[in-house]
Amino acid sequence: NFVNLLWLFNSPKPLSMKNGEPVFYGPLELSQHERIVTNWWNKDSIQRDYYQAKSLRGLIWIFRDLRTKTWYIHGMF
């Protein structure tokens, strides 16, 4: 059986941008996103779109913070 293992970082790291798109050792090919919203009723809510992304270094797990519009890498497969 094929198993995807995820190495989750202790804390997300900001991704570099090029022409308004996130990059990680080059351009990324993004999957469809999965939206995560928690504590929507208060100012400390988390609002993120998560993606699996193909990079030149392999498959990575990234997200876009919907409040700040900043992209982050959260882990590697």
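Where in the chain is the place of serine 55? Take me through what surrounds that spot, too.

Analyst: Serine 55 is placed in strand β6. Before we zoom in, keep in mind that this is a predicted model: local features need pLDDT of at least 70, side-chain atom pairs count only at pLDDT 80 or more, and totals for chains, interfaces and linings use all residues. Residues are numbered from 1 along each chain as its sequence is written, and side-chain values use heavy atoms, with hydrogens and water left out.

The protein chain has 8 strands and 0 helices. (Both are DSSP runs numbered from the N terminus: helices are H or I with at least four residues, strands are E with at least two.) Strand β6 covers residues 46-55.

Now for serine 55 itself. At 13% relative accessibility, serine 55 counts as buried. (Buried is under 20% relative accessible area, exposed is over 50%, and partly exposed is in between, using a 1.4 Å probe and protein chains only.) The side chain of serine 55 has a polar atom 3.1 Å from the backbone nitrogen of arginine 57. A polar atom of that side chain also lies 2.7 Å from the backbone oxygen of glycine 58. (A polar contact is a pair of N or O atoms within 3.5 Å; within protein, one must be able to donate a hydrogen and the other to accept it, and residues adjacent in sequence count only if both atoms are side-chain atoms.)

Who else is around? Skipping neighbours within four places in sequence, serine 55 is in contact with Phe24, Pro27, Leu28 and Ile60. (Contact means heavy atoms within 4.5 Å.)

Let's follow one of those partners, phenylalanine 24. Not counting residues up to four places away in sequence, phenylalanine 24 touches Leu15, Ser55, Leu56, Arg57, Ile60, Ile73 and Met76. Phenylalanine 24 is buried, at 16% relative accessible area.

Phe24, Leu28 and Ile60 are also among the 10 residues of the largest nonpolar core. (That's a set of buried Ala, Val, Leu, Ile, Met, Phe, Trp, Tyr and Cys residues joined through side-chain atoms within 4.5 Å.) Strands β6, β7 (58-65) and β8 are the elements giving two or more residues to this core. In soluble globular proteins, nonpolar side chains tend to be buried together.

Next, the rings. Rings of Phe, Tyr and Trp (its six-membered ring) pair if their centres lie within 6.5 Å; planes under 30 degrees apart are stacked, over 60 edge-to-face, and the rest tilted. That rule gives 6 aromatic pairs. One of them joins phenylalanine 24 to tyrosine 25: the centres are 4.9 Å apart and the planes stand at 85°, so this is an edge-to-face pair. Tyrosine 25 is partly exposed, with a relative accessible area of 48%. Another pair, tyrosine 51 with tryptophan 71, is tilted, at 5.4 Å centre to centre and 40° between the planes. That pair links distant parts of the chain, 20 residues apart, with tyrosine 51 in β6 and tryptophan 71 in β8 (residues 71-76). Tyrosine 51 and tryptophan 71 are both buried.
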